[in-house]
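Open the model in a viewer and keep the sequence panel beside it.

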Amino acid sequence: MKRPLADPFAELRKATDRHRAQHGCGAYPYGNGPLLGTLAAAAHARRILELGTALGYTALSFAYGAPDSTVDTIDRDPEHVRLAREHIAAASLDHRITVHEGEFAKILPMLDPGYDVAFFDGNTPAPALHGGLRNLLRTGGMLITANLNHGGTADAVYKALFGGKSWRSALVDDSGETAISVKL
Ligand SMILES: C[S@@+](CC[C@H](N)C(=O)[O-])C[C@H]1O[C@@H](n2cnc3c(N)ncnc32)[C@H](O)[C@@H]1O
């Protein structure tokens with residue numbers, strides 16, 4: 001029997017799908033917000049970094065799951081940033097979630113290292129951005145990479161996460177879409 005996800009932000013997930021249809025953008029909401037929140041809770045995350053805010057679905061899932069955390073989330077689309085800030089304020093989590101507007105590559109160097117959890121959900125993963133995320137993550141911190149089965153630059157990221165001695169990694173689904181990795 002297929003059970004529902006019990007997702008407190010299910011409505012925002014649906015709103016993100018509706019927004020994408022109208023806006024013609026790439027705001028595909030992540031499939032399982034409760035998984036992200038629970039992983040962050042298990043890691044006792046205090047600082048979380050997200051690449052790819054869209055309307056705030058996953059940033060809210062992280063903040064809800066890890067009640068002692070703050071979340072920095074980045075998106076370059078001004079409409080997504082505006083809507084995400086609205087949804088985050090409506091959920092009364094704006095004191096713990098900061099939405100940074102801009103290109104990932106421009107914002108990452110402005111952030112302080114030492115994140116406990118980082119989440120890449122900004123379309124296809126690319127090695128340079130993953131290098132930046134690694135630098136910002138503490139040793140023992142958790143990196144969650146979505147869209148790892150997109151091909152192209154994602155294949156090089158897959159190789160780095162699974163082929164070397166820098167990460168301990170596991171895929172969380174049969175399709176190879178998401179990996180969870182610990183920085184060694
Ligand atoms: C798949 S959506 C994020 C979905 C979101 N995490 C959720 O689950 O609702 C990807 C987002 O990344 C943003 N994005 C893509 N490439 C970017 C870049 N290079 N710099 C900043 N934002 C980017 C897009 O504007 C889009 O909102």
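Select His80 and its surroundings. Leaving out residues up to four places away in sequence, His80 touches His19, His23, Cys25, Ala27, Ala54, Leu55 and Asp75, where contact means heavy atoms within 4.5 Å. His80 sits in helix α4; helices here are DSSP runs of H or I with at least four residues, strands are runs of E with at least two, and both are numbered from the N terminus. With a relative accessible area of 5%, His80 is buried (buried is under 20% relative accessible area, exposed is over 50%, and partly exposed is in between, with a 1.4 Å probe and protein chains only).

Before moving on, note that this is a predicted model, in which local features need pLDDT of at least 70 and side-chain atom pairs count only at pLDDT 80 or more, while totals for chains, interfaces and linings use all residues. Residues are numbered from 1 along each chain as its sequence is written, and side-chain values use heavy atoms, with hydrogens and water left out.

**Helices α1 and α4**

Next, select residues 10-23, helix α1, together with residues 78-90, helix α4. How do the two helices run relative to each other? Their axes come within 13 Å and cross at roughly 160°; axes are lines fitted to C-alpha atoms, for helices over the stretch in contact, and angles run from 0 to 180 degrees between N-to-C directions. α1 and α4 are therefore roughly antiparallel to each other (angles under 35 degrees count as roughly parallel, over 145 as roughly antiparallel, 65 to 115 as roughly perpendicular and the rest as oblique). The crossing of α1 past α4 is right-handed; a crossing is right-handed if the near helix is turned clockwise from the far one by less than a right angle, and left-handed if anticlockwise.

Show the side chains at this contact. From α1 come Leu12, His19 and His23, and from α4 come Glu79, His80, Leu83 and His87. By class, this contact of α1 with α4 has 2 nonpolar, 4 polar and 1 charged residues (Ala, Val, Leu, Ile, Met, Phe, Trp, Tyr, Cys and Pro count as nonpolar, Asp, Glu, Lys and Arg as charged, and the others, Gly among them, as polar).

The whole structure holds 6 salt bridges, each a side-chain nitrogen of Lys or Arg within 4 Å of a carboxyl oxygen of Asp or Glu.

Select Glu11 and Lys14. They form a salt bridge with the closest N and O atoms 3.3 Å apart. Glu11 and Lys14 are 3 residues apart in helix α1 and so are separated by about one helical turn. Glu11 is exposed at 52% relative accessibility, and Lys14 is partly exposed at 47%.

Stay on α1 and select Asp17 and Arg20. In this salt bridge the closest N and O atoms are 2.8 Å apart. Both residues lie in helix α1, 3 residues apart, about one turn of the helix. Which of these is buried and which partly exposed? Asp17 is partly exposed at 28% relative accessibility, whereas Arg20 is buried at 19%.

**Helices α2 and α3**

Now select residues 33-42, helix α2, and residues 57-65, helix α3. They pack at an angle of about 40°, with their axes 7 Å apart. α2 and α3 are therefore oblique to each other. α2 passes α3 in a right-handed crossing. On the α2 side the contact is made by Gly33, Pro34, Leu36, Gly37, Ala40 and Ala41, and on the α3 side by Tyr57, Thr58, Ser61, Phe62 and Gly65. These residues divide into 6 nonpolar, 5 polar and no charged.

**Two loop residues**

Finish with two backbone positions. Select His44, in the loop between α2 and β1 (47-51). His44 is not a glycine but has a positive phi of about 50°. At 66% relative accessibility, His44 is exposed.

Then select Asn123, in the loop between β4 (115-120) and α6 (127-136). Phi of Asn123 is also positive, near 65°, in a residue other than glycine. Asn123 is partly exposed, with a relative accessible area of 44%.
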